[in-house]
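Please read them alongside the coordinates.

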Amino acid sequence: MTTSVSINRRNANEVSIFQAPSGLFDNLQKVLVDLIELHLQGKQAHWNVVGTNFRDLHLQLDSLVDVAREASDTIAERMRALNAVPDGRSDTVVATTTVPAAPPGLVNVADTVDIITTRIHAVVGTLRAVHDDIDDADPTTADLLHAIIDNLEKEAWLLKAETETA
């Protein structure tokens, strides 16, 4: 007995290419500017934190900066992969971020922890606010948001533990 196998090959002209709705790009742009702002504020805090446990927090802030920078790059590159144009220019970030502005000058350790964890939660709030719309439009992109939320919430926990008491 012989079994024949039929293979359907699509014509190159029939290949379906994912067309993301514009709302997906708008939501990713919101995420992008908040991540860029978090990266910048994390570095500002890193340079200007003072007080007891300065060195530990100084180094820990670099970890947050790395997480935020890598996440912004991931989002921008995902946008490009979907044929959108990310806008990470400083004037765009300033005009559109939802992250509260950073305070000027030197900031003590406890205040820095509170300020930066508040900023992390603001960014996570943006990620969670756009998540369902992004998931409806493109579950693959929503998976990226899951990893970013997980990383940022971990960073917030590690920072907050610097000033918590048992």
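**Notes on the predicted model**

1. Helix α2 is followed by N83, which has a positive phi, near 70 degrees. The helix itself has 28 residues and reaches 40 Å from its first C-alpha to its last, close to the 40 Å expected at 1.5 Å a residue. As with everything below, this describes a predicted model.

2. UniProt lists residues 26-162 as "domain: Ferritin/DPS", in an unreviewed entry. Over that range the chain is 80% helix and 3% strand, and the C-alpha atoms at its ends are 36 Å apart.

3. The largest nonpolar core has 44 residues, and those touching the most other members are L35, I75, I116, I120, L127 and L152. At least two core residues come from each of α1 (22-48), α2 (54-81), α4 and α5 (139-160). Helix α4 gives the most, with 11 residues.

4. Which residues does L152 contact, leaving aside its neighbours within four places in sequence? They are L35, L38, L64, V67, I120, V123, V124 and L127.

5. L28 is placed in helix α1. It counts as buried because its relative accessibility is 0%. Beyond neighbours within four places in sequence, L28 is in contact with I75, M79, I134 and T141. For L28 and T141, which are 113 residues apart along the chain, the C-alpha separation is 9.2 Å.

6. R119 deserves a separate look. This residue lies in helix α4 (residues 109-137) and is buried yet has no salt bridge. The nearest side chain of opposite charge is E37, 7.1 Å away, whereas a salt bridge requires nitrogen and oxygen within 4 Å. With neighbours within four places in sequence set aside, the contacts of R119 are L38, Q41, V99, P100, A101, A102 and P103.

7. The model contains six salt bridges. One of them joins E153 and R128, at 2.7 Å from N to O. Since E153 lies in helix α5 and R128 in helix α4, the pair ties together parts that are 25 residues apart in sequence. E153 counts as partly exposed because its relative accessibility is 34%; R128 is also partly exposed, with a relative accessible area of 49%.

8. Two further pairs can be checked directly in the coordinates. R69 and E70 meet through their side chains in a salt bridge of 3.7 Å, N to O. R69 is partly exposed at 38% relative accessibility, and E70 is partly exposed at 45%. In the salt bridge between D87 and R89, the closest N and O atoms are 2.8 Å apart.

Key
Residues numbered from 1 in each chain as written. Heavy atoms only, no water. Helix = DSSP H or I, 4+ residues; strand = E, 2+ residues; numbered from the N terminus. Buried < 20%, exposed > 50% of the residue type's maximum accessible area, 1.4 Å probe, protein only. Lys, Arg positive; Asp, Glu negative; His and termini not counted. Contact = heavy atoms within 4.5 Å. Core = buried A, V, L, I, M, F, W, Y, C linked by side-chain atoms within 4.5 Å. UniProt positions renumbered as here; feature names shortened; annotations may be inferred. Expected span 1.5 Å × (residues − 1).
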